[in-house]
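Please view the sequence and the model below, and then consult the points grouped by topic.

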Amino acid sequence: MTTLPETRDLAQRLLTYEANAGNTSEPVESTTLRVYEKLRQSLGELAGAAGFQSLASRALTLARSEVPSLSAVQVAADGNLQGMSTIGLPTDIEKDRVDEGGVILISRLLGLLLIFLGEALTMNLVRDVWPDAASDDGNSQDGRKT
Amino acid sequence: MSTQDKVKINKLPTGVSGLDEIVGGGLPEFSFNIIAGAPGSGKTTLAHQFVFANATPERPALYFTVLGESAIKMLRYQQQYTFFDPAKLPDSIRFINLSQVVLEKDLGAVLEEITKEVEKANPAVVVVDSFRTMVRKPESEMDLQSFIQRLALFLASWQATTFLIGEYAEEELRDNPIFTVADGLFWLRQTAERNSIVRKLQIIKLRGQASVPGLHTFRITEAGIQAFSRTFGLTARVRNPIGQRRLSFGIPELDKMLDGGVREGDSVLVAGSSGTGKSVLATQFIAEGIRKGEPGIVAVFEERPQAYAERATSLGLDLETPQKDGKLSILYLRPLDLSVDETMQSILDAVQKIGAKRLVIDSLAGFEMALSPGFRADFRESLYRMIFALTGIGVTILSTVEVDESFTEFPFSTYSISFLCDDIIRLRYVSIDGQLRKIMVVIKMRGGNHAKDIREYEITSEGVAILGKRLINYQGLITGIPVHSDRSAQEEEPSHDLETKKQT
């Protein structure tokens, strides 16, 4: 079972948005962490820390089957994502400042939300956190899709 | 204090079909309410319906989840209901999980968290689901009481209408100090009656306005909770004055027996054993109404609408065209596990939809059999309420009822419901001259001078046909086994029907 192209595209967009919104000198894994943290905050309010932790653990397990290097990453009891900095990054995507492991992990997390909450609620939740990045309207700034 | 000096309490829509009527027009704004009941009784769904009906981006709803059902699972299931509008999340409705605070801290911290969120969001509606799971130790009931009092004070000041949801068993209702704090107490019950589930709700208290007392049945469908008021939503309707108009059966001789016809707004019972023509009479009554421009409803329980219409066709009565024209609705009600109130609501909805003036219930026995066994005990009471409500708005009701033919008694109904009826027409078999013939008599007509005659009738290809004049040369007709008297032929004695009376 692989991630759906639509989910992957959404994850990619969120990561790209955060990458361009952040400091270009910061390590690429911090982009994934920023997206993850924002989702954690939003989902944590809805599902509680334990609820988010279980969802994130499931997403990480699913993501590891596609990106084995994620085996070094752990979801802590409080939902914190640990070990992202130890993952090696493929050079051909480094220029986009988005790493494959991050894309897969975030898309798995979004995929679980789609399964449990459906598209409407998931997109509402994402739009609430990223009002500009969530819609694929093609006229945004900051490096988002044009 | 004059009326204009009194504070006006706004009433908020509950979002639950039928519940506004039950609570007296809507839920009082800024009230502090408890929804109590056993697991699975529909507490969360009720709260969701209220939230979705009232939350706006300007005055949102805050839905605090504590321990118990996972918020994600709750949303997964609740969004299956048609009232659930995903567009309202998260701007108008925010779900906030407090389980961590409850697990790691005390009730004071929970109150602090709720306070913080309420002050930030300025919500119109606050729900805590489920507040009882916040207390995990028996000795903490006191803390819970204090918590609820402080919460109630705070939320009322912040102009929020509040629901606390809690799992409570029936016996916990008495002497529970928590309930004294609440302005409104909604109790949901769910019991199994043989093979059916019976759901009922009760407004145990509601400050500031009069709710409809008693237990109201409700159902959970894809539209959420649908409640059925014991007054069928007709309490606000002004009762029509007693009608003077007479409604014809389309059978001139019968109309004469009824002093010109059935009085508009009456409840008529046609009682007789199988095959005496009760349904034929009912069909003629409804068809005559349609012919005179009075829309009608036929609620059938023992045959399908198509068969009912075809049987009418065989009597030369067209029920197909008026159905297409929206002048007639034939309801086939075989709910099996529905409550009597719910079934009656279907009839009421149909009556109101086409503006029906005549209603036929064919038959009461079929009606009762179609109900869940658990609701049959309520049958007479609910029937009384429906007849009272419908006749009050001017609908004339004709119900048929099958009675066991006895040669020693002359019962009107096996249901002891004759007190519900203004008029009773009794049909029965009688053995005369080696033939099984049929006789008809008007037993009762409230406010009318009906004929006392016992008339023989036949069911012909054109329906019920009353034969000749009254039968005077037999005694004991109502026993079914009359004795031929020595009196001369019926024509020799003046008829006691009304026409004759008027002439003499």
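**Briefing on the predicted model**

In chain B, nine strands make up an open sheet with mixed pairing, in the order β16-β15-β17-β18-β14-β19-β20-β21-β22. The model is predicted, and it scores ipTM 0.75 and pTM 0.75. Between the two chains, 15 residues of chain A are in contact with 14 residues of chain B.

**The sheet of chain B**

- The edges are held by β16 (328-332) and β22 (463-467) of chain B; each has a single partner strand, so one side of each is left without a neighbour in the sheet.
- Ignoring direction, neighbouring strands of this sheet are turned by 25 degrees against each other on average.
- Strands of a sheet pair through backbone hydrogen bonds, in either a parallel or an antiparallel manner.
- For strand β15 (residues 296-300) of chain B and β16(B), the pairing is in the parallel sense and covers five bridges.
- Within this pair, B:Val298 is placed opposite B:Ile330 in β16(B).

**Helices on the sheet**

- Helix α10 (residues 305-314) of chain B packs on the sheet and touches β15 and β16 of chain B. The direction of α10 makes about 130 degrees with that of β16(B).

**Packing of α12 with α15 in chain B**

- Helix α12 (residues 340-354) and helix α15 (residues 379-392), both of chain B, pack at an angle of about 20 degrees, and their axes are 10 Å apart.
- Since angles under 35 degrees count as roughly parallel, α12(B) and α15(B) are therefore roughly parallel to each other.
- The crossing in which α12(B) passes α15(B) is right-handed.
- From α12(B), the residues B:Val340, B:Asp341, B:Met344 and B:Val351 meet B:Phe379, B:Ser382, B:Met386 and B:Leu390 in α15(B).
- By class, this contact of α12(B) with α15(B) has six nonpolar residues, one polar residue and one charged residue.

- On the side of chain A that touches chain B, the elements giving two or more residues are α2 (29-64) and α4 of chain A.
- The most is given by α4(A), with eight residues.
- By class, this side of chain A has nine nonpolar, four polar and two charged residues.
- Helix α4 (residues 100-129) of chain A and helix α3 (residues 71-78) of chain B have axes that come within 8 Å and cross at roughly 70 degrees.
- Angles of 65 to 115 degrees count as roughly perpendicular, and α4(A) and α3(B) are therefore roughly perpendicular to each other.
- The passage of α4(A) by α3(B) is a left-handed crossing.
- In this crossing, A:Phe116, A:Leu117 and A:Leu121 in α4(A) meet B:Ile72, B:Leu75 and B:Arg76 in α3(B).
- The contact of α4(A) with α3(B) comprises, by class, five nonpolar residues, no polar residues and one charged residue.

**Confidence in chain B**

- Chain B has a mean pLDDT of 85, and 88% of its residues reach 70 or more.
- Among the elements of chain B, the highest mean pLDDT (97) belongs to helix α2 (residues 43-54), and the lowest (46) to helix α16 (residues 498-503).
- The pLDDT is below 50 over residues 489-504 of chain B. Beyond near neighbours in sequence, this stretch has 29 contacts in the model.

Definitions and conventions
Residues are numbered from 1 along each chain as its sequence is written. Chains are lettered from A and ligands numbered from 1 in the order in which they are written. This is a predicted model: local features need pLDDT of at least 70, side-chain atom pairs count only at pLDDT 80 or more; totals for chains, interfaces and linings use all residues. Axes are lines fitted to C-alpha atoms, for helices over the stretch in contact, and angles run from 0 to 180 degrees between N-to-C directions. Helices (H or I, at least four residues) and strands (E, at least two) are DSSP runs, numbered from the N terminus. Angles under 35 degrees count as roughly parallel, over 145 as roughly antiparallel, 65 to 115 as roughly perpendicular and the rest as oblique. A crossing is left-handed if the near helix is turned anticlockwise from the far one by less than a right angle, and right-handed if clockwise. Two residues are in contact if their C-beta atoms, placed from the backbone, lie within 7 Å. Ala, Val, Leu, Ile, Met, Phe, Trp, Tyr, Cys and Pro count as nonpolar, Asp, Glu, Lys and Arg as charged, and the others, Gly among them, as polar. pLDDT is the predictor's confidence in each residue, from 0 to 100. Two strands pair if DSSP finds at least two bridges between them.
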